[in-house]
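Biologist: I've got a model open and I'd like to learn how to read its features. Could you walk me through a few?

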Amino acid sequence: MKKQLLLLLIFSISLYVQGQNIHKLASPDGNIQISVNLSDKIYYDVICRNETLLKQCHLAMEIGDQELGTNPKMTKVSHKNIDESLKPVIPLKFSSVSNRYNQLLLDFKGGYSVEFRAFNDGIAYRFITNKKGMINVKNETLQVNFPDNYLLHMQQSGSFKTAYEEEYTHLYSKEWKSSASMALLPILIDTQKGSKILISETSLTDYPAVFLKSNGSNGMVSVFPKVPLEFGEDGDRSVKILKEADYIAQTSGKRNFPWRYFVISTEDSQLIENTISYRLAEKNILEDTSWIKPGLASWEWWNGATPYGPDVNFVAGCNLDTYKYFIDFAANYGIPYIIMDEGWAMSTCDPYTPNPAVDVHELIRYGKEKNVGIVLWLTWLTV
């Protein structure tokens with residue numbers, strides 16, 4: 001009898017300790033939950049309306065010889081509830097954005113924390129470190145596991161050098177092989193049970209973008225480009241990487257890292273209206289934003305600077321008459337800008353030698369007369 005009582009006591013203690021290592025966070029409306037399990041790693045499940053959408057996902061970060069998230073030793077847990085209204089400098093979707101969420105902050109031994117946020121339309125997490133000086137981040141693990149065979153809509157690339165203009169592929173998660181091409185963000189996941197999940201990131205400062213590849217067992221894991229150390233020439237708008245470091249970022253040891261977020265929706269229209277990326281982004285630090293004046297633009301690149309029609313009584317092309325035509329078009333239809341793409345200068349590598357057939361100064365003068373601004377296109381290497 002004593003032996004049975006002892007075993008029961010040990011079992012009860014085991015359950016109690018295990019229970020202390022599970023931390024739950026719910027969205028303000030209670031429909032979305034995150035269940036964080038601290039064991040050999042930091043695991044989390046994402047549940048929506050009592051259905052587990054993502055299961056046994058885990059996160060980690062390797063800084064120097066320290067592995068954040070491996071055998072985590074929690075020192076503090078705190079909760080916070082936020083309900084505020086944000087005013088975007090540029091109202092891309094809404095002039096006022098409601099920012100309402102519940103927060104779970106887990107502090108760990110070793111000078112790091114993991115912050116989770118639960119919104120009514122998704123969840124997010126990020127690492128926070130509190131270390132002295134500069135650090136080398138060797139890797140970050142974002143592992144997502146699917147409890148069922150989900151349909152993935154994604155752009156896949158054979159390398160980190162991409163214009164983010166790849167064709168979309170539509171592939172079931174169990175069919176995505178670990179040897180296949182990695183995917184760019186965002187990735188849209190259809191659970192085919194009524195929920196859609198959009199995975200993306202925000203607040204990337206001094207840090208590379210994340211790519212995802214199949215882990216070979218109905219899930220995805222992160223892949224990052226290394227920090228480039230030496231470059232070589234590769235045309236007027238690109239460079240070749242000749243040498244790479246063995247780390248993905250060299251950054252301040254005291255910082256907030258990028259957010260990894262998961263928009264959860266039941267209707268496609270909710271994806272269009274979503275503002276999580278803005279809500280998670282760093283606050284605006286510009287004191288004066290009056291100079292920012294967004295507006296529509298007429299862009300001649302779309303038709304190769306070759307307008308046509310009964311009112312085109314000149315030779316169309318990259319010349320003064322064509323650009324004056326675009327300025328007139330913009331003025332007639334209340335468009336505040338025209339964009340002058342490649343061709344206004346003699347070379348894409350030299351913005352100071354103008355194309356004499358275009359005469360940028362005359363076009364600026366003519367644009368002011370018509371109340372139309374001019375935006376000049378340059379390659380990033382020239383800038």
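Biologist: Let's start with Tyr-333: does it count as buried or exposed?

Modeller: Keep in mind that this is a predicted model. The cut-off for exposed is over 50% relative accessible area. Tyr-333 comes out at 61%, so it counts as exposed. Phe-329, at 35%, is partly exposed.

Biologist: And how do I read a pair of rings?

Modeller: You describe a pair of aromatic rings by two things, the distance of the centres and the angle of the planes. The whole structure has 18 aromatic pairs. In one of them, the ring centres of Tyr-325 and Phe-326 are 6.2 Å apart and the planes meet at 85°, so that pair is edge-to-face. Both Tyr-325 and Phe-326 are buried. Phe-329 and Tyr-333 make a tilted pair, with 5.0 Å between centres and 40° between planes.

Biologist: Which residues do ring pairs link into a cluster?

Modeller: Tyr-44, Phe-116, Tyr-125 and Phe-262.

Biologist: What about strands? Where do the side chains go?

Modeller: In a regular strand they alternate between the two faces of the sheet. Take β20, residues 259-265: seven of its seven residues are buried, so the strand is largely enclosed by the rest of the structure. Trp-259, Tyr-261, Val-263 and Ser-265 are buried on one side, and Arg-260, Phe-262 and Ile-264 on the other.

Biologist: Which strands pair with β20?

Modeller: β14 runs antiparallel to β20 over seven bridges, with Ser-200 partnering Tyr-261. β9 is also antiparallel to β20, joined by four bridges; there, Gly-122 has Val-263 as its bridge partner.

Note on methods:
Residues are numbered from 1 along each chain as its sequence is written. This is a predicted model: local features need pLDDT of at least 70, side-chain atom pairs count only at pLDDT 80 or more; totals for chains, interfaces and linings use all residues. Side-chain values use heavy atoms; hydrogens and water are left out. Buried means under 20% relative accessible area, exposed over 50%, partly exposed in between (1.4 Å probe, protein chains only). Helices (H or I, at least four residues) and strands (E, at least two) are DSSP runs, numbered from the N terminus. Two strands pair if DSSP finds at least two bridges between them. Rings of Phe, Tyr and Trp (its six-membered ring) pair if their centres lie within 6.5 Å; planes under 30 degrees apart count as stacked, over 60 as edge-to-face and the rest as tilted.
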